[in-house]
Amino acid sequence: MLAIQIKPEEEVLAKIFGKKVFIFECIGCKEVYFPREDVEKFIKELKEEITGKAVLDYLCNREFAREYLRAYSSQIKRAETVLVFSCGVGVQVISSLSEDKAVLTACDTLYLNGFQGLRVQDFNCNQCGECYLNYTGGICPITNCSKGLLNGPCGGAKDGKCEINSEADCAWILIYKRLKKLGKLDILKKILPARDYHKIIS
Amino acid sequence: MLETNLVDYTKFRLKPEEEIREIFRGVNRIFIFWCGKCYKKFEEEAQEEYDELLKILGEDSKKIVGQLKIDFLCNNFLSKKKISSLDLSGCDSVGVISCGLGVQFVAQVLEEKAVHTLADSVPQSGNAASEVGYHGISLEKEKCAGCSQCYLNLTGGICPVINCAKGLLNGPCGGAKDGGCEVNPDLDCAWEKIYERVKKQGKGLTLESIQIRDYSKPLLKLKAELSSENQTLREESFYGGLYPLEKKEETEDKKIEDFPEPKVVTIFLSQHTGRKARPLVKPGDKVKMGEKIGEAQGYISTSIHSSISGKVISLEERPHPAAQAKDLAIIIENDGKNQLDLSIQPRKDFENLAKEDLLKIIREKGIVGLGGAMFPTYVKLSSPKPVDTLIVNGCECEPYLSCDNRIMIEHPEEIFTGIRIASKILGAKRVFIGVEDNKPEALASLKDSLDRPSSFEIVSLKTKYPQGAEKMLVKKITNREIPEKGLPLDVGVVVLNVGTVLAIYEAVVEGLPLIQRVVTISGENLSKGGNYLVKIGTPFKDIIQYCFSGEEKELLERYELKMGGPMMGVFQVNWDSALIKGTTGLTFLKKYPIEASPERDCIRCGRCVEVCPVELYPLYYAFYGKRKEWEKAKEYKVENCIECGCCEFICSSKISLLSLIKKEKQYASNSNKT
């Protein structure tokens with residue numbers, strides 16, 4: 001439900017500490033975009049000695065990762081750097097489990113719409129904590145408007161398209177059309193309190 | 001089971017009471033959809049949100065004209081089906097209890113209706129700098145914002161984007177008191193933790209200047225592309241399914257070779273669906289190759305033949321590779337002469353044979369479905385219902401296996417003759433041969449040998465597991481939907497595996513009973529993997545010795561053996577078994593390197609629902625299976641399961657779903673009988 005990109009090689013190579021590397025390769029959530037070929041190429045071109053490699057799925061499963069660390073402990077001990085190919089969660093899990101080793105990642109994690117739910121999809125939810133969908137005909141202005149505006153369009157739309165991303169529709173025009181269809185345009189006249197960002201940490 | 005300590009990941013909660021009452025003041029007749037929740041430890045079937053709503057509403061709850069719980073409301077394929085099947089004309093509005101994804105989805109499906117959300121999402125990041133926190137499978141405390149420019153290499157593996165309340169990238173703000181954050185005193189200062197961690201790791205990591213976060217980096221276009229690619233893959237050809245690593249390259253170019261003669265064969269009397277065959281020989285008897293040694297009993301059963309010539313040593317119980325229990329087998333010692341039985345006579349006039357005679361031959365020669373199910377072929381061909389279409393299944397969607405591929409490349413003529421015989425028996429008007437597009441050589445070979453004009457149609461199908469399952473295949477090729485608990489026969493279709501068609505040819509034209517078959521030997525640690533023509537009854541140990549390198553003891557320790565491929569194959573506890581008619585392959589797979597069982601609690605991630613090609617909710621089978629409430633699974637249509645193994649493959653908690661499902665299916669079919 002997320003996508004992985006390989007970081008520029010120089011960036012990672014410059015960070016590798018010592019000459020011996022142990023590799024964790026997460027094959028991910030299986031059906032998710034994961035550039036396995038790029039990973040293989042990256043590993044092949046490594047000049048450092050590889051003391052061992054563990055290929056597993058769901059590296060984010062902490063207990064599972066811990067068992068793997070145990071199973072490969074002697075090989076990891078010999079290495080000076082642990083290089084992880086996974087999303088940000090996997091890297092953090094490994095680095096929190098082996099705090100005194102240098103743990104590096106070679107990947108950037110890209111967030112795809114809808115990934116906090118079940119599947120990648122056109123919808124997105126930013127989990128803002130105060131759902132506005134009742135006022136906007138079920139179209140979310142936070143995720144659909146490039147500027148995340150809550151009080152109507154910015155005025156920059158051209159032919160119904162967003163001024164920031166000409167491929168995207170202006171969310172507020174869509175909202176207007178939907179509300180008109182439902183005969184509820186008067187909702188737009190209602191004044192709402194400003195977004196309460198405090199809800200995110202409470 | 002592994003100990004787990006999962007975080008509470010509640011994604012939504014009901015809106016404040018006043019707000020809900022306000023919404024209900026404006027409606028008269030409302031229908032409620034509520035999501036069964038995801039990413040939550042699956043402990044009980046809670047409906048707390050709905051109950052809470054009723055409590056808040058009091059009198060107003062009379063305005064609710066109906067309600068439906070939908071698990072994984074954001075699954076736009078399954079939920080759309082459920083929502084559109086409802087008649088909502090009687091209500092003026094719709095209420096949704098779910099996270100923002102579910103609400104937006106319902107609002108899109110029911111564009112004409114006023115859709116109210118009755119819940120607020122619960123923020124997960126705990127940090128105003130990035131909205132999203134958890135993602136993917138994780139129910140652990142680590143979060144990732146997917147910022148697409150990972151800083152973890154500079155910060156000792158602690159993410160400042162998510163852990164610092166201000167999302168600072170260049171060090172602490174200076175507001176921390178005693179290591180606690182000034183924004184949220186419950187939190188530790190992320191930058192202090194980063195400092196400690198980096199210090200611990202020694203000189204390898206130094207804090208250097210970090211580039212400013214580039215908010216334009218998650219390119220909208222790239223995201224849109226990846227997202228639409230992912231969605232197309234999910235629904236291509238059929239809903240659900242998987243793209244496991246094919247691993248066919250090891251064997252797909254290896255020509256079919258004869259496997260060395262076994263010294264002793266173990267021929268099971270049950271090598272088919274239905275009743276066990278009755279033995280016709282006793283210890284000490286001499287048998288010839290192709291001689292009938294087991295007689296079919298009853299309608300659904302078939303005959304068994306000796307695959308070698310020699311002497312019967314004994315009749316005894318041996319571990320059966322499919323049933324995984326001891327079963328009666330005839331043990332025969334090979335005399336190495338391969339003397340043919342007199343019943344084996346090639347027949348040139350087969351084109352003139354009547355339908356009944358052909359069926360009789362197929363029954364007599366012990367032909368069963370060679371795709372693995374081993375259903376007696378003559379039963380399938382003597383259909384009580386009208387059949388107009390024959391589909392020959394050359395998909396071979398199971399990873400590692402390539403025996404059907406080789407058969408299509410090397411024996412196209414024989415396959416076509418076999419098809420002509422089968423379609424004559426069935427009276428089929430249309431014949432399709434379905435092959436996945438990862439087998440271009442097989443497709444070309446079939447096309448080359450096809451006489452034109454021909455009534456046979458070769459269909460190239462998208463490679464996706466389980467494309468070769470009957471339900472998927474029939475739907476894709478004929479666009480007919482097999483009813484629940486039904487068979488292809490119910491929609492006028494018969495599906496035969498290419499191997500079966502070849503066996504029909506051999507039985508009718510060459511007079512050869514089913515005493516050998518093509519098997520793919522594949523997997524890890526192979527020295528001589530490939531496709532072999534192996535005699536039925538050849539001990540697995542012979543094959544292991546011949547094809548795999550390494551000592552048996554070491555192999556037993558580090559590898560597991562599956563009869564069939566990795567997805568649907570039967571795990572072999574005991575290697576003292578022997579080849580049966582349904583053995584499509586033997587696959588050696590590496591065991592997990594860990595000692596503990598990797599299994600843990602179901603976290604309702606819903607990935608099993610995403611991949612189930614028959615649109616079931618396998619998480620309930622795990623849930624009730626674990627509690628041994630076998631009968632409950634029936635309510636979730638466990639009988640429709642085709643045991644393709646997609647759910648087990650994808651399960652993030654590594655639950656052995658298939659074994660639970662098999663038990664539940666057994667229970668369901670027993671309860672049907674009584």
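**Notes on the two-chain model**

1. Let's start in chain B, with strands β15 (residues 389-394) and β16 (residues 430-436): these run parallel and are joined by six bridges. If you want a spot to look at, Val392(B) sits opposite Ile433(B) of β16(B). Bear in mind throughout that this is a predicted model.

2. Zooming out from that pair, you get an open sheet of four strands in chain B, ordered β17-β16-β15-β18 and paired in parallel. Which strands stand at the edges? They are β17 (456-461) and β18 (493-497) of chain B; each has a single partner strand, so one side of each has no neighbour in the sheet. On average, neighbouring strands here are turned by 25° against each other, ignoring direction.

3. Helix α14 (residues 498-509) of chain B lies across β15 and β18 of chain B, and its direction is at about 85° to β18(B).

4. The peptide bond joining Tyr465(B) and Pro466(B) is cis, with omega at about -5°.

5. Lys37(B) is not a glycine, yet has a positive phi of about 75°; you'll find Lys37(B) in the loop between β2 (30-35) and α2 (48-57) of chain B. Lys247(B), also not a glycine, has a positive phi of about 55°, and belongs to the loop between α7 (220-235) and β7 (257-258) of chain B.

6. Are those lysines buried or exposed? Lys37(B) counts as buried because 24 other C-beta atoms lie within 10 Å, where 20 or more is the cut-off. Lys247(B) has 18 C-beta neighbours inside 10 Å, so Lys247(B) is classed as partly exposed.

7. Elsewhere in chain B there is some antiparallel pairing. Strand β13 (residues 310-319) pairs with β10 (residues 286-287) of chain B over two bridges, in the antiparallel sense, and Lys286(B) has Lys311(B) as its bridge partner in β13(B). β13(B) also pairs antiparallel with β14 (residues 326-334) of chain B, over nine bridges; here Leu315(B) is partnered by Ile330(B) in β14(B). β13(B) and β14(B) make a hairpin with six residues between them, and Gln324(B) in the turn has a positive phi of about 55°.

8. Over to chain A, which has its own open sheet of four strands, in the order β3-β2-β4-β5 with parallel pairing. The edge strands are β3 (49-56) and β5 (102-105) of chain A; each has a single partner, so one side of each is left without a neighbour in the sheet. From one strand to the next, the twist averages 20°. Within this sheet, β4 (residues 81-85) of chain A pairs in parallel with β5(A) over four bridges, and Val82(A) stands opposite Val103(A) in β5(A).

9. How many residues of helix α5 (residues 88-97) of chain A are buried? Eight of its 10, which leaves the helix mostly covered. Among the buried ones are Gly88(A), Val91(A) and Ile94(A). The cover includes β2 (20-26), α3 (62-71), β4, β5 and β6 (107-111) of chain A.

10. Contact is made by Arg62(A), Ala65(A), Arg66(A) and Leu69(A) on the α3(A) side and by Val93(A), Ile94(A) and Leu97(A) on the α5(A) side. The crossing of the two helices, α3(A) and α5(A), is right-handed.

11. Finally, the domains. The assignment for chain A gives domain 1 (2-111) and domain 2 (133-201), whose C-alpha centres lie 41 Å apart. For chain B, the assignment gives domain 1 (12-121), domain 2 (257-282 + 293-332 + 515-590), domain 3 (349-509) and domain 4 (607-673). Taken over C-alpha atoms, the centres of domain 2 and domain 4 of chain B are separated by 28 Å.

Definitions and conventions. Residues are numbered from 1 along each chain as its sequence is written. Chains are lettered from A and ligands numbered from 1 in the order in which they are written. This is a predicted model: local features need pLDDT of at least 70, side-chain atom pairs count only at pLDDT 80 or more; totals for chains, interfaces and linings use all residues. Two strands pair if DSSP finds at least two bridges between them. Axes are lines fitted to C-alpha atoms, for helices over the stretch in contact, and angles run from 0 to 180 degrees between N-to-C directions. Two residues are in contact if their C-beta atoms, placed from the backbone, lie within 7 Å. A residue is buried if 20 or more other C-beta atoms lie within 10 Å of its own, exposed if 12 or fewer, and partly exposed in between; C-beta atoms are placed from the backbone. Domain bounds come from an automatic or database domain assignment. A crossing is left-handed if the near helix is turned anticlockwise from the far one by less than a right angle, and right-handed if clockwise.
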